[in-house]
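Hi,

Here is the structure I promised to pass on.

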Amino acid sequence: MSAYAGHAYNKRRGIHMSKDGYVFGLDIGTRSIVGTVGYRVGTDRFVVVAQVAVEHTTRAVIDGQIHDIPTVARTIGQVKAKLEEKIGGDLRQVSIAAAGRVLKTKNVYVEYEMPSEAKVTQEHIHSLDSLAVEKAYEEIRTETDHKDKHFYCVGYSPVKYYLNGYPMEMIEEHMAASIGVEMIATFLPDEVVEGLYAAVEAAGLQVVSLTLEPIAAINIAIPERFRLLNIALVDVGAGTSDISIVKDGSIIAFGMIPLAGDEITEAIARKFLVDFEMAEKIKKATARNKTISFKNIMGESYKVGYEEIRETAEEAIRVIVEKVSEKIMELNGGNSVSAVFVVGGGGKMPGFTERMSECLSLPENRVSIRGAEVLQQVDFSAAGVKKDSTLVTPIGICLEYYEQKGSFIHVKVNDERIKLYDNGKATILDACIHAGFAQSSLFPTRGGSLTYFVNGEERVTRGRLGEAAEVMLNGKETSLNEIVHENDVIQIKAATRGENASLTLGRIPEYRKELQYTVFGKIVLCPVMAEVNDKSQKDSYVIREGDRVKILDTYSVQQLLEFMGRPVEDKVLVGGEERDRNARLKSGAVLEKILPEPIKEEKKKTVQPVKNVMSDLAVPDIPLGPDPLLAPVRPLPAWAADLPINNPAARPQQSVTVPPVFSSPGSGMGQTGYLTGGAGRRIRVKINGKEVTLAEKRNHSFVDIFDVYPFDLTKPGGKRLISKLNGRDVSDFTTAVHEDDSIDLYWEK
């Protein structure tokens, strides 16, 4: 069990534990006050040099809580004086323990999300533990009727740590995105602490360590090596029965019932009509003797034996055991434990352990009184001290000093004076929690998240993390985990909450993709389109909570042509198939125009020869000369050589060469196989020094080079594209291109 909040108390005060540095522990019980003085040897042995027990003469302490402070102070003074006489020295400092009657215990779980994945340090773990204590404190305050009531955390124990949601025994040094802890924290009301301090200080002592009686007992009765087992420890005192449960290596629960040895004493008082003090003497006497003689308040004389007293106490023992067993089952999740250890004087009553084994359905040997066997590491140099179960808690209080070493200090938090329980590990964070700072004021929080859907898939965008708290200690900037001392001055500027998540449609990854089409020989890259809640939206649209986004991975023929700024064709060819303007096209589709069908030539009609009526006429034969149309063309005179009259060198070139078509004999084509005409022509250009022939067209533009030259615009190869025509930059790909033009095309590195 570690205590709430880092440096060793004794180091800070210069106290060194040795044979000359005694520890003074006080067990302020309901029936008596036990003082123990001793010292630790090494790390595992404790030597008791003196022990004194003084019973209360009145009921100054009831059920473990001080009612009569002056009377208790006088009794503490008596114990102190007797011990000082035994050790031959003064006692000024003392360790004390509070009973579990007013103990408030909470089991909580908290998780801390790291700003980014990081290695877990001791500082992270301490911050996590502190958050758990704060949560437990807030839950106790919520359940309390009086909201102005204050509680002090006097101990906490991590049950289990978690790394990224998975349970881990040790999380330090691991890389984590989030860490968590299941914690059991214990608190005492302000008035209990104040009462204890008032009584001790009135006796001339200073409190240097405060713990809980069940914590002190369990550290002696159930060592660490036993805590893997599911064991309950029951400390049966006079006013209360304190319960602790261990399992899987940790303390998992604390509890208490306000029933113990005094219930038996009161049963004897009622039976024989004696006062409480006489009933207590009768109870103790019958444990040592067979019979006892006494008078009741009426003056009547009695002589009773052990059996009669046991019968009187039996009903009270039954009630105590049943209530304790019910509490054990409750604290252990509705199940019995594997074994029960009993300490304290009340547990020594005949029949106590036997009845408890019945109530918990355990073999009798699984419920036993722990005494001398758990004190093997304790040596008694003091004379007349017998090792038994009543010494477990007093010695545990002394040993807890070495673990806690705490008291109360006063600090200022934003000019407010705070009393802080100090065990040598109290930090600024602890002080802020006691000053009423909420977790959101100490640690930055994220803004609200945004939940939306993309193509039916739920997505969440997290809000931004706020700014951390600004922390000043005595005028110097520091962290929340800095140790504090008496009269330290702390200034806190609260942490902030980050901005809520914000997202535009254009930032969704799927929206940033492009669709590629080939339209009438040109490669076209088109942005995707999107609908939000079935309505088309632009990239600047701000996503709202619950929006349903649909990313469209197709264009219609009409949308594609409109995007290019071209007239919308009623029908086109897509992959060789005819499609109308509403057809949806996936990325990679190739569109072609539907060319008009060629005009079919009409069949020539057969004309019957007409009989030449003139053939019957007698016409004399007239000799004919050569046909002038078949005569060779005369060469032009020299003065007409420049006229564009059937002169290929002089007339404008209306015809252009087209790809060779191999002719068959009689086809009417020349030997070169090129057609001539006015429908279109091919031209030759140089691209990056390489001669390339462009496709047949009437007019050629810069963009046509991409049909014949292997250059992929969809995969950038540098900072920007360089395109030049005859040495001049080209920004418009519709620029005209002519025969023998020189083109440069490359990516600038």
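Below is what I found, starting with the ground rules.

This is a predicted model, so take the rules as they come: local features need a pLDDT of at least 70, side-chain atom pairs count only at pLDDT 80 or more, and totals for chains, interfaces and linings use all residues. Residues are numbered from 1 along each chain as its sequence is written, and side-chain values use heavy atoms, with hydrogens and water left out.

**Overall**

The protein chain has 13 helices and 43 strands; these are DSSP runs numbered from the N terminus, with helices being H or I of at least four residues and strands being E of at least two. Of its 749 residues, 45% count as buried. Buried means under 20% relative accessible area, exposed means over 50%, and partly exposed is in between (1.4 Å probe, protein chains only). The chain exposes about 41000 Å², and carbon and sulfur atoms supply 50% of that; the areas come from the Shrake-Rupley method with a 1.4 Å probe, and for residues only the protein chains shown count as cover.

**Confidence**

The mean pLDDT (the predictor's confidence in each residue, from 0 to 100) is 79 for the protein chain, and 82% of the residues score at least 70. Among the elements, helix H1 (residues 9-13) has the lowest mean, 32, while strand E22 (residues 450-454) has the highest, 94. Over residues 1-19 the pLDDT stays under 50, although the model has 65 contacts beyond four places in sequence for them. A contact here means heavy atoms within 4.5 Å. Residues 613-620 are also below 50, and that stretch has 1 contact in the model beyond near neighbours in sequence. Where pLDDT is low, the predicted coordinates should not be read in detail.

**Strand E8 and its partners**

Strand E8 (residues 151-163) is largely enclosed by the rest of the structure, because 12 of its 13 residues are buried. It runs antiparallel to strand E10 (residues 175-189), with 11 bridges joining the two. Strands count as paired if DSSP finds at least two bridges between them. The hairpin of E8 and E9 has 2 residues between the strands, and Asn 164 takes a positive phi near 55 degrees in it.

What length should helix H4 (residues 190-202) span? At 1.5 Å a residue, its 13 residues should span 18 Å, and the end C-alpha atoms are 18 Å apart, which agrees; the expected span is 1.5 Å times one less than the number of residues. Buried residues in H4 include Val 192, Val 193, Gly 195 and Leu 196. Just after H4, Gly 204 takes a positive phi of about 85 degrees.

Thr 71 sits in helix H2 (residues 69-87) and is buried, with a relative accessible area of 14%. Leaving aside neighbours within four places in sequence, Thr 71 is in contact with Thr 58 and Ala 60. Asp 90 lies in the loop between H2 and strand E6 (93-98) and counts as exposed at 57% relative accessibility. The C-alpha atoms of Asp 90 and Lys 80 are separated by 8.8 Å, with the two 10 residues apart along the chain.

**Salt bridges**

There are 20 salt bridges in the structure, each a side-chain nitrogen of Lys or Arg within 4 Å of a carboxyl oxygen of Asp or Glu. Glu 113 meets Arg 446 in one of them (3.0 Å, N to O). Glu 113 lies in strand E7 (residues 104-119) and Arg 446 in the loop between helix H12 (439-442) and E22, so the pair ties together parts that are 333 residues apart in sequence. Glu 113 also forms a salt bridge with Arg 462, where the closest N and O atoms are 2.0 Å apart. Arg 462 is in the loop between strands E23 (457-461) and E24 (470-473), so this pair ties together parts 349 residues apart in sequence. Glu 113 is partly exposed at 42% relative accessible area, and Arg 462 is partly exposed at 47%.

Cheers
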